[in-house]
Amino acid sequence: MKFSVIFEAQLADPTVEREHQLFRDSVEQAVLAEQMGFDRIWAVEHHSLKWYAHMSAPEIFLTWVAARTSTIRIGHGVVCMPFNFNHPARVAERAAMLDLLSGGRLDLGAGRGGTLQETSLCGVDKERTTQEVEEALRIIGKAWESEELEHHGELLDIDPHPILPRPKQTPHPPLFLACSRTETLTQAAELGIGALVMGFAGPDSIAEMRAAYDAAIAGRGDERFVSSVVNDHFSVLCPTIVLDDRDTARSVGIRGQRFFAQSIGHWYGGAGIPDEAAAMREAAEQVVARLHEHNIPVRPTSTATFNADHAYGTADDAIAYVERLRDAGADEIMCLVQMGTVPQEACMETLRQWGEKVIPYFRAQEQG
């Protein structure tokens, strides 16, 4: 089983100074993740989603991290693949360059970036995002299969052109798709690419999603594959804060998750945008107050972001939760640590605890 850290670059009460510090802090976390034995980092791509995700240019963030590290894999998860966000030929060029310079450490994920806030910024047709993502993956999947890329699809025509440079990995970095529904899990399986799965609903939901993914793999042919290389890797999100004091860890973690839920609700759930960041922070804190930090269950949203049963607590609590995710079928645990209200000290200590106690526990089991 693999272990990774995912970065949304969330920020409560944004100011220019706090935003700049956020990225310095995120780089510091990524460098520590390598030192602590994590296998990979992931960085999302979102646009104009204030509070929720300030990571608008993950290719730059990942390049900076790659230059500061030597072994940890660099996960571009995900690239917004609709054409007005990123032309697929340009994605292929950037991916190859980063893969080359990082020594073959890149993984490349695809997503829709389907919020109205994002699509309206770049003139993306919301009705075509799913179709454009799949066609982009087909173009990227075959960009280095021959000396020149040629593509004539339903949406794009590309006459023969070389895609330069060539990536370090052959034929290209492993491909993934962001999956939050059975339909996207089926799509990922039929395309022959890995699944990046939201894990807020907990292990039981993850087990159902894994079963859907495996069923699609078992029933597929090769006619929809986007590459000559198949990747059936199943990565699962794991919100986590791990500290010596269980109550403090749960308080910090659940407060961060409430901020995540509050901010994502503004952009994905159709709720109104707050006038000030303080209003959002106050609303998130009111939710936490009603929860008494963690004891009272709340009605889950469609993405179950209000479920508080995650790897919050001590290292032993995290180990127990990861065992449940492993039993549910996770090939990779994507640790979500950097949530908007979580202080840097708690992020760094969480990564240390995972590196010193949680990851070694599972490595010892695998070796035994």
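1. Confidence first. The protein chain has an average pLDDT of 91, and 90% of the residues score at least 70. Two stretches need care, though. Residues 271–281 have a pLDDT below 50, with 21 contacts in the model beyond near neighbours in sequence. Residues 284–303 also stay under 50 in pLDDT, and here the model has 26 contacts beyond four places in sequence. Where pLDDT is low, the predicted coordinates should not be read in detail.

2. Now have a look at a helix pair. Helix α7 covers residues 203–219 and helix α10 covers residues 315–328; they pack with their axes 8 Å apart, at an angle of about 20°. Because angles under 35 degrees count as roughly parallel, α7 is roughly parallel to α10. As for handedness, α7 and α10 cross in a right-handed way.

3. Which residues make that contact? From α7 come Pro203, Ile206, Ala207 and Arg210, and they meet Tyr321, Arg324, Leu325 and Ala328 in α10. By type, the contact of α7 with α10 has 6 nonpolar residues, 2 charged and no polar ones.

4. Last, the aromatic rings. The whole structure holds 10 aromatic pairs. One of them is formed by Phe3 and Phe362, whose ring centres are 5.9 Å apart with 45° between the planes, making the pair tilted. What does this pair tie together? Phe3 is in strand β1 (residues 2–7) and Phe362 is in helix α11 (residues 344–367), so the pair links parts that are 359 residues apart in sequence.

Key:
Residues numbered from 1 in each chain as written. Predicted model: local features only at pLDDT ≥ 70, side-chain atom pairs only at ≥ 80, totals over all residues. Heavy atoms only, no water. Axes fitted to C-alpha atoms, helices over the stretch in contact; angles between N-to-C directions. Helix = DSSP H or I, 4+ residues; strand = E, 2+ residues; numbered from the N terminus. Parallel < 35°, antiparallel > 145°, perpendicular 65-115°, else oblique. Left-handed = near helix turned anticlockwise from the far one by under 90°. Contact = heavy atoms within 4.5 Å. Nonpolar A, V, L, I, M, F, W, Y, C, P; charged D, E, K, R; others polar. pLDDT = per-residue confidence, 0-100. Phe/Tyr/Trp six-rings, centres within 6.5 Å; stacked < 30°, edge-to-face > 60°.
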